[in-house]
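Please find below my notes on the model.

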Amino acid sequence: MTIAAKAANDDLDLHVDEEIKNCLDSSRSFFLFAGAGSGKTRSLVAALDHLRSTAGKRLRMRGQKIAVITYTKTARDEIIRRTQFDPVIAVSTIHSFAWTLIDGFNHDIREWLRVELTADIVELREKEAKGRAGTKASAERLADIASKQRRLDRLDSIKKFIYSPDSDNRGRDSLNHAEVLKLAGDFLRTKRALREILRDGYPYILVDESQDTNRHIVEALFAFQAAHKGEVVVGLFGDMMQRIYGDGQPGLGENLPADWATPTKKLNFRCPRRVIKLINKLREVTDKQVQIPRSAAPEGHVRMFVLPSTGTDKAAAEQAICAHMASITTDVDWTHEEAVKVLILEHRMAALRMGFDELLAALYPVTQFRTALLDGSLPLLTFFTKLILPLWDAKSDKFTVARIVRAASPLASSRALKDAADEVEQLTKAQAAVDALVGLLDGNPAATFRDVAQNVAESGLFILPDLLQVTLAGDAVEGEDEDDEDERSDRDKAIVAFLDVPFGQVRAYAKYVGRKARFDTHQGVKGLEFPRVMVIMDDHEARGFLFKYDKLFTGGVEDTQTASTRRLFYVTCSRAERSLALVAYADNPELVRSQLLHNGWFERDEIHLGLP
């Protein structure tokens, strides 16, 4: 069926839901392909409703549940609501699910950490032996070794490990987010007892947004299902074209086990016909999946505006484009800023426009930081976004300040107050530390993250994250030369660069990752839809971190970078319910237009060189 053909009705994909139900009834695992706007969540909820009606009683009698793994807390809450808060359905984020697997395996966690920490220490000592003593890099390595050694020495005194998916987990008995995912994946693959506990407790495991689910968990689930065929069902819901994060399983959906089913949804219920035609063209070079509009889908509007990279007043140009879209769509809401969803595809572009460019530029290149940096969970930054910034903002509210300090400061902890000779004197010390921090930030608008970290370290107001302690140890060494910098790891160089960034940029960053900014990105709009969408692409602002739009638009070789750019372009375009405006700032607008026409993505009258 061609894209132009109307579906006879909107029941075209009903057989897919029936196929999934048959899989659940026959204990057959499956991977559901569900493209943009295809009703993936609807199919997931339909599967859950089927299990509730056919297996709910049996599951309750056996004390079993249906596990549903989601990517975000928002998605978790939505599924819980749509399944009427039924306790037989255990919906959790990936981190929460991973923790439920390993919680209580304290001896095994301790021994796993012992091996990991020992290996890390050995590697650091080898680097130290090859490096030069007395340098900043050496001081950082020694501090890192000391930090890991302290944790290693404390392992035997920890009776129970703790973890919270929603906090920074800074306690000495805490596990961090990355460790929990690795532990869960490793234990599920290697520990028969854990697999049997999971099998007996959760005979059905359904994974939403599986293309972005951490690869440690996905690999472990495949191994788990293979070991318990006929006893458990693993159902993956996703679309690799909508893969956003880099820590998912590459090639998910390819080379599946022969006994897995692969139901596929064809209908797109969200987008107008013109947008569906565009996104079908975008994925032609990948999996060639073709979507079909619902029978009542409007034709919709798509326009591409290609403007010079330099010499353009971008704010004025984008306002003029909105006015033009209002005219051609006869939709006056295009002229109302709050009614248009503006998507900035590259985080660097949003950072530059919002004012946290130096912060992002310092940390983004480090692969191990990237996912947590973008979702707001990087401990190196949450220390500032969730402790320092709220404390500074609450400086005139004594009750809020006291609450933050009592909850997080070692100066006001129960143990500190109990051990203090004079409790009032101890609280006065904590207040002095707060006053010193507020005084720094109030009196020095140019204060850097390093200034703040050093202030906190000197007063003891809060415990610094280990990586900050390591870097500050390097700062204590006098002098620096080129050879010394070469000895530093990319991670350590990034942290040094980050600490030189003005602290004031943290506010814009917190607003951005908190989804409170006017601009949003592909991560922020995952699963969402908007009547009017404007997508802004600018390689000069993005500075070519991971994505290149000129390369995609001008016929570059289909490499990893181009493939990533294509996926993000697909995700953003597919958010539009009525009309879509694409704005590209290019060095050679005429070349971009020629290639886009050659690609067949747009008609000639849909592409504007310069302002309309």
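1. Arg-283 is in contact (heavy atoms within 4.5 Å) with Phe-33, Asp-239, Met-241, Lys-288, Gln-289 and Tyr-570, leaving aside neighbours within four places in sequence. The residue sits in the loop between α10 (273–282) and β7 (292–293). Arg-567 is 284 residues away in sequence, yet the two C-alpha atoms are 8.2 Å apart.

2. The model is predicted: local features need pLDDT of at least 70 and side-chain atom pairs count only at pLDDT 80 or more, while totals for chains, interfaces and linings use all residues. Residues are numbered from 1 along each chain as its sequence is written, and side-chain values use heavy atoms, with hydrogens and water left out.

3. The second largest pocket holds about 490 Å³ of space. Of its 19 lining residues, Met-240, Met-241, Leu-252, Glu-254 and Asp-287 are the closest to the centre. β1 (30–33) and α26 (560–573) are the elements that give two or more residues to this lining. A pocket here is an open set of points on a 1 Å grid where a 1.4 Å probe fits, with protein on both sides within 12 Å along at least five of seven lines; lining residues have an atom within 4 Å of a point.

4. Helix α7 (residues 177–190) has 14 residues and should span 20 Å at 1.5 Å a residue; its end C-alpha atoms are 20 Å apart, which agrees. Its buried residues, including His-177, Glu-179 and Phe-187, pack against α4 (94–102), α5 (106–130), α6 (136–154), α8 (192–201) and α9 (215–227).

Definitions and conventions. Helices (H or I, at least four residues) and strands (E, at least two) are DSSP runs, numbered from the N terminus. The expected span of a helix is 1.5 Å times one less than its number of residues. Buried means under 20% relative accessible area, exposed over 50%, partly exposed in between (1.4 Å probe, protein chains only). Grid points are joined across faces, edges and corners, and a volume is the space filled by probe spheres set on the points.
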